[in-house]
Amino acid sequence: MSSDPAARAGAILEVDLAALAENWRRVAAQSAPAEAAAVVKANAYGLGLRQAGPALWRAGARTFFTAQLDEALTLRPLLPQAAIYVLNGLMRGAEGDYLAHDLRPVLNTLEELARWRRACGARPRPAALHLDTGMSRLGLDARELAVLTAEPERAAGLQLTHLMSHLASAEAADQSQSEEQLREFAHALAALRPALGAAGGSLANSPGVFLGPRYRFALTRPGSALYGVNPTPKEPNPMRQVVRLKGKILQVREIDAPRGVGYGATWRAQDRTRIATLAVGYADGYLRSLSNRGRAVIEGHEVPVVGRVSMDLITLDVSALPERTAQPGGFAELVGPAMPVDRVAEAAGTIGYEILTSLGGRYHRVYSSGDTAELGA
Ligand SMILES: *Cc1c(COP(=O)(O)O)cnc(C)c1O
């Protein structure tokens with residue numbers, strides 16, 4: 001029999017599915033009377049689609065968004081009843097997969113719209129239509145919007161459920177771009193009514209939900225807030241932390257003489273220093289930009305990452321801690337309730353989204369929902 005995987009692993013990633021469910025319910029309450037979907041792209045922002053998807057369904061989510069078709073194909077057998085949309089659109093040559101598995105493309109161009117119509121034949125199937133109002137990435141542009149407004153029959157025989165667009169700056173203190181997008185979106189929703197039929201609107205991502213009721217339309221599309229990222233950056237985080245990353249202490253050493261720590265000796269111990277070495281590195285998604293900037297928490301004490309983040313290791317200055325507190329086999333919290341994902345992101349010079357989606361594949365993952373814990377696949 002092999003040993004306990006937690007004993008073998010360099011770090012443990014705990015995913016609190018009860019907190020995830022509570023976060024969805026909070027955003028859903030904030031979204032009402034609009035429906036709140038759940039955005040689960042990129043492996044549910046790094047947490048694990050196979051566990052997060054069903055947990056969100058049990059919380060009450062009925063509409064899901066993935067980025068890629070393969071993510072939707074993974075989710076389908078887990079959630080046979082859910083409405084599953086594919087944000088990246090209708091992949092050429094894969095139209096049969098959407099039909100066979102009852103998946104809904106977010107149609108990003110008039111060409112995709114025409115191709116979906118052909119693929120569906122006489123039997124219209126649900127899809128959403130995406131309009132670009134300020135991202136300049138995906139969705140109908142102004143020219144295509146004008147064409148569809150003038151020729152609504154292009155959408156005849158289609159079952160369009162939503163017209164959607166995406167906010168570029170919903171978390172910004174300055175709401176002027178969001179207001180501009182909102183105006184453009186509402187205008188297009190009215191102009192496209194003959195083409196859209198009964199389709200509702202969908203504009204708000206997580207921070208968009210908190211911009212007020214005008215932004216919510218029929219369906220909101222929260223992602224990051226579900227996973228603990230603050231959707232209201234100017235105010236305290238209304239969301240619970242969902243992940244806790246605990247790095248294992250491999251070794252603790254005493255340094256008496258001045259001496260460098262880590263690659264490039266970017267940090268030097270001056271006098272008596274205790275260094276704890278943890279089995280987590282940039283190969284695990286603990287970003288190298290956290291070198292000399294990250295912080296960790298050991299039994300309630302905050303300590304700094306010193307020296308460069310290595311591929312497989314980081315070093316903490318634990319001199320200020322009582323000696324018995326940091327010991328080999330013990331743990332330091334690198335992300336979690338004591339070190340929220342937004343704080344880690346700020347130290348790394350990035351956003352919480354990137355911290356979560358970078359979470360590594362070597363962690364021993366433990367999924368808990370209330371009082372039961374199950375191991376991740
Ligand atoms: C990722 C994404 C969302 C979710 O955004 P969050 O800021 O994570 O809530 C919503 N809509 C679209 C189109 C997206 O790509």
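Q: Where is L167 found?
A: In this predicted model, L167 belongs to the loop that runs between β8 (159-164) and α9 (176-191).

Q: Is L167 buried or exposed?
A: L167 is buried, because its relative accessible area is 2%, and the cut-off for buried is under 20%.

Q: Which residues does L167 touch, leaving out those up to four places away in sequence?
A: Its contacts are M135, S178, Q181, L203, A204, N205, G208, L211 and Y215.

Q: And what separates the C-alpha atoms of L167 and V335?
A: A distance of 28 Å separates these C-alpha atoms, while L167 and V335 are 168 residues apart along the chain.

Q: Changing topic: what is the peptide bond from A32 to P33, cis or trans?
A: That bond is cis, and its omega is near 10 degrees. P33 sits in the loop between α2 (17-31) and β2 (35-36). For context, most peptide bonds are trans, and most residues other than glycine have a negative phi.

Q: What is phi of A42, then?
A: Phi of A42 is positive, near 50 degrees, and A42 is a residue other than glycine. A42 is placed in helix α3 (residues 41-45). A42 is partly exposed, as its relative accessible area is 37%.

Q: What about phi of E299, and where does E299 lie?
A: E299, also not a glycine, has a positive phi near 45 degrees. E299 lies in the loop between β15 (295-298) and β16 (301-304).

Q: Buried or exposed, in the case of E299?
A: E299 is exposed, because its relative accessible area is 59%, and exposed means over 50%.

Conventions
Residues numbered from 1 in each chain as written. Predicted model: local features only at pLDDT ≥ 70, side-chain atom pairs only at ≥ 80, totals over all residues. Heavy atoms only, no water. Helix = DSSP H or I, 4+ residues; strand = E, 2+ residues; numbered from the N terminus. Buried < 20%, exposed > 50% of the residue type's maximum accessible area, 1.4 Å probe, protein only. Contact = heavy atoms within 4.5 Å.
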